[in-house]
Amino acid sequence: MRRVLLVLLALLGVSLGWSGWQARQALADFPGILSAYSAKEYCSCRFVMGFDPAYCRGYVKQWLPLGLLAENSAQRLVTAEGLGRRNQAAWQGARVGCRLLP
Amino acid sequence: MLDTLKALLATLSLAVAPAWAEDWPAPDWQTDPTPIDWQAVDAYAFPPDGSLRTDALLIIRDGRILHERYAAPTTASTAHLTWSVSKSVLATLLGVAQGEGRFQLQDPVARFYPPMQAHPQVRLGDLLHWASGLAWQEDYEYAPLHSSVVAMLYTRGREDMAAYTAARPAAQLPGQRFLYSSGDSNLLAAALRGMLDAGEYADYPWQALFTPLGINSAVWERDGAGSYVGSSYLYLTARDLARIGLLMQRDGRWRERQLVPATWVAFNRTPFALAEAVPGEANPGGHWWLNTASPGGARPWPHAPADTYAALGHWGQALYVLPTQKLVIVRYADDRGDSYQHDQLLERVLAALAGEGA
């Protein structure tokens with residue numbers, strides 16, 4: 001009985017390890033999604049669609065809170081922080097709107 | 001003599017009358033003053049409880065505005081994010097390029113976009129059917145961890161979205177299976193660059209499509225590599241998106257000019273034969289969505305005619321074309337749920353028009 005359990009546990013460990021290995025890239029990327037999404041879509045909301053800051057804050061709001069969402073209106077630059085990551089998006093021109101900065 | 005001339009002129013003007021009678025938004029949309037009761041349409045699109053959040057509703061018949069309504073802060077001058085409606089507009093832009101002889105559907109994508117040499121069998125027609133065969137997970141907020149589109153737009157792929165897509169492994173043979181993929185659309189946007197001379201790409205959407213149509217509001221964002229985000233990031237006013245709809249409704253003709261070949265519009269409107277019908281879901285054509293009946297006979301939107309087709313985007317963005325009724329309908333929204341039903345809106349619009357003059 002104990003031996004069966006051990007085999008099962010070993011199998012579980014191997015399969016978890018394998019899927020974890022596969023998911024490692026996705027897991028590493030995950031914390032950056034919130035701030036990147038917020039910076040990019042807030043930038044476009046403000047400087048492409050031309051809506052006001054209060055509306056755009058609501059527009060990008062997700063179920064996870066942001067630590068920071070700040071705009072530099074003169075430079076049309078947006079900074080967002082959340083889940084320990086920071087991303088910036090900036091307006092690039094009248095035809096090309098906003099883009100996430102590298 | 002003068003009388004003869006007058007008579008001649010009158011005859012001539014009668015003879016050319018049909019061409020002149022056709023309405024075009026040049027420079028601006030005309031309004032059709034026919035009184036129609038839009039109450040049921042507005043009650044659905046703009047519910048007081050906010051269960052649907054329509055930002056704009058614009059109904060055009062045969063080139064004239066029948067009904068137009070906006071919800072703050074969106075106005076007639078707002079260039080609104082179209083999300084995946086961008087994909088179908090990209091396909092129409094590619095139609096201009098095809099009419100200029102720049103490519104054929106059966107051309108390998110790698111001819112125009114070298115990183116696709118990793119998948120030499122994939123053809124431009126496959127991308128237009130969302131059938132590249134590349135592994136892809138198209139989910140937005142519900143499964144962000146494994147979403148290819150989230151990775152493409154916001155993390156790993158954002159600097160070069162086409163390269164990110166081309167680096168995906170093949171999951172299927174190309175051209176065999178429909179798998180909705182924003183990556184396929186961005187491969188098309190990158191391939192377009194390879195069809196043009198150096199330096200032409202930045203201006204091409206304007207020179208080829210927007211300017212001839214009188215579209216002044218377009219913003220099309222690009223990735224870090226400078227490729228248009230063909231999958232997601234085109235912004236237009238509702239009135240300007242309706243110009244794309246009118247071009248499609250009139251089979252690619254804009255006034256006297258055949259801007260997009262009629263055969264290309266026919267391709268956009270032909271169902272991809274290998275796509276399996278999903279009940280209630282519009283069928284994929286050539287990067288446009290079709291209301292064609294499934295083999296069982298049911299149409300995805302039962303109250304709309306079978307020749308209805310559409311460009312559709314996240315959170316309820318839609319451009320519908322009903323060629324028989326000569327209708328073009330734009331809906332912009334910020335729906336954060338999935339309760340919006342295309343069929344409901346179209347049913348109510350058609351019912352309002354059926355009651356015309358009653």
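A residue is called buried if 20 or more other C-beta atoms lie within 10 Å of its own, exposed if 12 or fewer do, and partly exposed in between, with C-beta atoms placed from the backbone.

## Basis

This is a predicted model, in which local features need pLDDT of at least 70 and side-chain atom pairs count only at pLDDT 80 or more, while totals for chains, interfaces and linings use all residues. Residues are numbered from 1 along each chain as its sequence is written, and chains are lettered from A and ligands numbered from 1 in the order in which they are written.

## Helix α7 of chain B

Helix α7 of chain B covers residues 182-195; helices (H or I, at least four residues) and strands (E, at least two) are DSSP runs, numbered from the N terminus. The helix has 14 residues and reaches 20 Å from first to last C-alpha, close to the 20 Å expected at 1.5 Å a residue (1.5 Å times one less than the number of residues).

Of the 14 residues of α7(B), 12 are buried, among them B:Ser182, B:Asp184, B:Leu187, B:Ala191 and B:Met195. The cover over these buried residues includes α3 (85-99), α4 (124-128), α5 and α6 (161-166) of chain B.

## Nonpolar cores

A nonpolar core is a set of buried Ala, Val, Leu, Ile, Met, Phe, Trp, Tyr and Cys residues joined through C-beta atoms within 7 Å. The largest has 115 residues, of which B:Leu187, B:Ala191 and B:Ala310 touch the most other members. Helix α1 (residues 2-47) of chain A gives the most to this core, 9 residues. At least three residues come from each of domain 1 and domain 2 of chain B.

Leaving aside residues up to four places away in sequence, B:Ala191 touches B:Val109, B:Phe112, B:Tyr113 and B:Leu124. Another core, of 6 residues, lies apart from the largest one and includes B:Trp130 and B:Phe272.

## Domains of chain B

Chain B is divided into domain 1 (24-102 + 197-358) and domain 2 (103-195), with bounds from an automatic or database domain assignment. Their centres, taken over C-alpha atoms, are 23 Å apart. In this pair, 24 residues of domain 1 are in contact with 24 residues of domain 2 (C-beta atoms, placed from the backbone, within 7 Å). On the domain 1 side, α3(B) gives the largest share, 6 residues.

## Contact between the chains

Between the chains, 21 residues of chain B are in contact with 22 residues of chain A. The elements giving two or more residues to the chain B side are β4 (80-81), α5 (148-154) and β5 (219-220), and the largest share, 3 residues, comes from α5(B).

Conventions
Contact = placed C-beta atoms within 7 Å.
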